[in-house]
Amino acid sequence: MPFVDVSAASLTFRPDAPSMPVLDLLERDAGPLRLSLRLLGASHQAVVATPDGLIAETLAYRSDFAPDLPEAFSQRVGAWRHRYECAVEKLTVPELRQRVRSLRDRAVMRTGEPDLLVGVFGEDLDALTALEVTGTAPLSWRTVHTYPQYGEVVTTTSTVVPV
């Protein structure tokens with residue numbers, strides 16, 4: 001899908017979206033779990049393979065669904081609980097640029113097995129999506145989506161824990 005310039009109000013969260021075309025990915029094992037953080041243009045998809053089935057979350061602009069950006073979501077797959085939280089911040093241009101610069105600097109400084117993946121989209125270098133593994137016990141990750149034309153930063157945090 002080509003890049004589409006959107007705002008937070010245009011995004012849709014789906015726990016049941018099919019696999020989508022991947023530009024880049026970051027994978028991590030955490031005990032019996034396998035996390036795949038997928039960069040989908042200016043959006044993301046996280047898929048966790050558990051012994052009991054797949055857990056997924058997709059945050060993207062989808063022209064085939066009405067916008068829906070919940071602040072929280074929880075689902076259970078067998079013996080595993082997935083918790084997702086989302087926050088939208090309005091920032092000034094300097095604040096947003098500083099946040100973007102910090103993410104880019106952290107991505108460049110990583111050595112060894114990377115835990116942060118950053119993609120820049122469109123013509124504005126401050127429009128990015130960052131995917132970060134934040135823990136493996138419990139399995140957790142964070143995503144950051146910036147929309148500089150609206151001064152918005154969408155941050156999601158997610159965990160998968162045994163029930």
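Helices, as counted here, are DSSP runs of H or I with at least four residues, and strands are runs of E with at least two, numbered from the N terminus.

**View 1. Secondary structure of the protein chain in the predicted model.** By that count the protein chain has one helix and eleven strands. Read from the N terminus on, the elements follow the order β-β-β-β-β-β-β-α-β-β-β-β.

**View 2. Dimensions and packing of the protein chain.** The C-alpha trace spans about 45 × 40 × 25 Å along its principal axes, and the radius of gyration of 15 Å agrees with the value near 15 Å that a compact globule of 163 residues would have. Of these 163 residues, 47% count as buried. Among contacts with a separation of 6 or more, 54% are made by residues 24 or more positions apart.

View 3. The protein chain exposes about 8200 Å², of which carbon and sulfur atoms supply 53%.

View 4. Glutamine 75 lies in strand E6, which covers residues 72-77. Because its relative accessible area is 15%, glutamine 75 counts as buried, the cut-off being under 20%. The side chain of glutamine 75 reaches the backbone oxygen of alanine 56 at 3.2 Å. When neighbours within four places in sequence are left aside, glutamine 75 is in contact with Pro15, Ile55 and Ala56, and also with Trp80, Arg81 and His82.

Methods:
Residues are numbered from 1 along each chain as its sequence is written. This is a predicted model: local features need pLDDT of at least 70, side-chain atom pairs count only at pLDDT 80 or more; totals for chains, interfaces and linings use all residues. Side-chain values use heavy atoms; hydrogens and water are left out. The radius of gyration is taken over C-alpha atoms; the globule rule is 2.2 Å times the number of residues to the power 0.38. Buried means under 20% relative accessible area, exposed over 50%, partly exposed in between (1.4 Å probe, protein chains only). Contact means heavy atoms within 4.5 Å. Accessible areas come from the Shrake-Rupley method with a 1.4 Å probe; for residues, only the protein chains shown count as cover. A polar contact is a pair of N or O atoms within 3.5 Å; within protein, one must be able to donate a hydrogen and the other to accept it, and residues adjacent in sequence count only if both atoms are side-chain atoms.
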